[in-house]
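This briefing is meant to be read beside the structure shown below.

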Amino acid sequence: MAVEDVIVDKLVSFWRIPGARRYFPWIFLLISILGSLLKEVQLVPDTYFSSSRNILNLYFVKVSWGWTLLLLTPFVLLSNSYFSRDVSFLSRRLLALPVATAIWYIFTESFFYIEDATGSCYQTTAMDVLNPEFTSKSTCRRAGFHWFGYDISGHSFILTYSALFILEETAPMGYLKYANVSSLPRKVLNFLFIALNSLIFLWVWMFACTSVYFHHPFDKLLGTLCGLLGWYGTYRLWYLKPLSPGLPPQQQTKAQKQPMQIHVDSLENAGIMT
């Protein structure tokens, strides 16, 4: 068995641990609360990750949505095509990507708007001299001053939402791991699945760093709740409805002591597999 097959097998097994998927969203709330408490009592010493200039923040977190889409788009297309080659089915499933992007854009732009609408420009970080002629964060900073407004944690939002989005859309691998997939597509799926899981763990780590080093507690909590809201509103509410991208197709497998062919037949009868 190739190394990547072993890694995929362990990852699939991990996500099959009872409660792993069910409780994963709540990990972000727990980390946000505990991390904020540690930050407030200053129990965590400064490290490489307490600087916003660390390499993971600069080249991964700040472009996190780009990384998420770059790896998830081919995975969604390839993995879903094994359940059905029907154009309408694949188009509907691929709609999950622009829907998620719209959610990301609306929330992040709202955060920027709120920060602009509630902020003021000051000459120093001590907020002792006000510059009322600068009415937006961009013009204030271009002038070399400091803008202070209500800053909802965009990092807390995007890292929460990206991790949950990836977790939901990689669920088909639980079936495909045991399906009859030819060599090259199998290698591509394995690579993408491993890379996407690496992103999940990276996003969780950087979320923890955000929680213990940056922002005010309520700003982080609100950003986290927005990420949970975006995920819950789609995968737990809207995607259960007929007029939606729908949930990612996924099957129980032999690892769960269920005959695979029964579940394949049930999909065919439902018109999901062709």
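**Charge and overall picture**

The chain carries 21 positive and 17 negative side chains, and the centres of these two sets are 9 Å apart. The model is predicted, and in it the chain comprises 12 helices and two strands.

**Architecture**

- Followed along the sequence, the elements run in the pattern α-α-α-α-α-α-β-α-β-α-α-α-α-α.
- Taken along the principal axes, the box filled by the C-alpha atoms of the chain comes to roughly 70 × 40 × 30 Å.
- Of the contacts between residues at least 6 apart in sequence, 78% join residues that are at least 24 apart.

**Burial and surface**

- The chain has 274 residues, and buried residues account for 44% of them.
- The chain exposes about 14,500 Å², of which carbon and sulfur atoms supply 66%.

**Positive phi outside glycine**

- Glutamine 42, although not a glycine, has a positive phi of about 55°; this residue sits in the loop between helix H2 (20–40) and helix H3 (55–59).
- Glutamine 42 counts as exposed because its relative accessible area of 69% is over the 50% cut-off.
- Histidine 215, also a residue other than glycine, has a positive phi near 65°, and its place is in the loop between helix H10 (183–213) and helix H11 (217–237).
- Histidine 215 counts as partly exposed because its relative accessibility is 24%, a value between the cut-offs of 20% and 50%.

Note on methods. Residues numbered from 1 in each chain as written. Predicted model: local features only at pLDDT ≥ 70, side-chain atom pairs only at ≥ 80, totals over all residues. Heavy atoms only, no water. Helix = DSSP H or I, 4+ residues; strand = E, 2+ residues; numbered from the N terminus. Buried < 20%, exposed > 50% of the residue type's maximum accessible area, 1.4 Å probe, protein only. Contact = heavy atoms within 4.5 Å. Areas by Shrake-Rupley, 256 points an atom, 1.4 Å probe, with all protein chains shown as cover. Lys, Arg positive; Asp, Glu negative; His and termini not counted. Charge placed at Lys NZ, Arg CZ, Asp CG, Glu CD.
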